[in-house]
Amino acid sequence: MNFRPIIEGYRDEIIQKLQELVRIKSVNEEAVGDYPFGEGPYRALEYALNLGEKLGYKTENVDNYAGHIEMGHGDDIIGILAHLDVVPEGEGWTYPPYEGSIDNNRIYGRGTSDDKGPVIAALYAMKTIEASGLDIKKRIRLILGTSEETSPEDMRYYLSKKETPTMAFSPDANFPVIRGEMGILEIILTKQWDKASNEKCSIKNVIGGNAANMVPDLCTSIIEADEIHKNKMVEVIDEIRTRKGISVETEEIQDGIKIISKGISAHGGKPEEGINAISQILMVLEKLDVGSTQVKEFIRTYNEKIGMTYNGQKIGCGFEDDISGKLKLNIGVINLDEDSLNITLNVRYPITIDSKIVIDNMREELGKCGIDLFVKNHLKPIYMDEDHFLVQKLMKAYKKVTGDYEAEPLVISGGTYARAMKNAVAFGINFPGEKETEHLSDEYIDIDNLLKCTEIFAEALYELIND
């Protein structure tokens, strides 16, 4: 069928609804009252479910962890697994991050591509199927999570309470189809310092990053020092900035200086596309030779074992395979003060590698300077054969709409809800060869691509409900 004319009729509505959804700041926060991930994700879920109800579909909120919008009838459920939470906005935006501004045929804002744009595209793909007059002999269920960026708890909770779909796709990655996802480890590094000695220059803090799965674009450090040492440190930093070409600035404050490291944000699964502000500032701090003996030892070890690298090769984790490529390591958040150290990092490890080897090797290297390591979250890798029914059906839909008959199923470093159940893969929304803006400042989705995604999802649903 040709779904495009129907979708064009919804163009203005699709744009408007995405803008309204983007205006809800749905960053995960601490649980409060009946909201397990904060009020923002709840408000986004409430908005989406209300929209689904207005469009004429059955909706259900599952204890504010997740919810669904459903159409059709039958025993089989075709699931669409998407999320409404977003990563923090970070720095460096040209457009307001929570406004849904339109410029150059693009909608800008946090969540436009990850994952609110796909949610709206999927919902209006359902509406397109209904408007086409097809007899829908299976149920189509758009399942909406609220903590995908920080924890798998939302989808685990939902699936423990509700039916598991017969098969599903998650519109949270790339076209044509994702048949494999690398394993993901979220790791916490901690250390308690001994009481600081009376050094001439004291590091009061190092603070940076917003989330484990974002390359940090800002990190700051306060150093307490007298006038003589302060001037010397500013001179050293000026020399490093000129020689290394890095974005590090200083600001004089009472009794010391503030160092400001500016990086470039990127998705934690693609750290090579960003510049890590945390790693940058720790490189500078080592050259300044400041802090207690223990802090100096940590900074030296960090620069020796991690530094500005992102494949884990210096920390005993330089693993790779032919299926998924090289391991990816991102230092996402640091909080260092006079009492302790806390770092959150994100590791994407190859599909054929045992996670235990990654953890053990990292623990051995960092344990040499007394850093403790524990795993906060672990998502095992997934992999599906190219001839799997679901892969074939989704590839068919993609090729029919785009005319791209050369594309092949992919393996990615990202993580999606496809891991939550059997017979699930990621499908869209980024097109081959186009810039991917999720987790970046000035995140956007091209309006024509948004409508094309809607058409591809409608075609995919048509294929799956008519099998």
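Which strand does Ile-429 lie in? Select Ile-429 and you land in strand 23, which covers residues 429-430. Keep in mind as you click around that this is a predicted model.

Stop 1: For context, most peptide bonds are trans, and most residues other than glycine have a negative phi. The rest of the tour visits further backbone exceptions of these kinds.

**Stop 2: Asp-442.** Now jump to the loop between strand 23 and strand 24 (444-446), where you'll find Asp-442. Check the phi: Asp-442 is not a glycine, yet the angle is positive, about 55°.

**Stop 3: Asp-289.** Next, select helix 7 (277-288) and helix 8 (293-305); the loop between them holds Asp-289. Asp-289 also has a positive phi, again about 55°, although this residue isn't a glycine either. With the surface still on, you're looking at an exposed residue: Asp-289 has a relative accessible area of 54%, and exposed means over 50%.

**Stop 4: Asp-114 and Asp-115.** Finally, select Asp-114 and Asp-115 and zoom in on the backbone between them. A cis peptide bond links the pair, and omega is about 15°. To get your bearings, show strand 5 (106-108) and helix 4 (116-131): Asp-115 sits in the loop between these two elements.

Notes. Residues numbered from 1 in each chain as written. Predicted model: local features only at pLDDT ≥ 70, side-chain atom pairs only at ≥ 80, totals over all residues. Heavy atoms only, no water. Helix = DSSP H or I, 4+ residues; strand = E, 2+ residues; numbered from the N terminus. Buried < 20%, exposed > 50% of the residue type's maximum accessible area, 1.4 Å probe, protein only.
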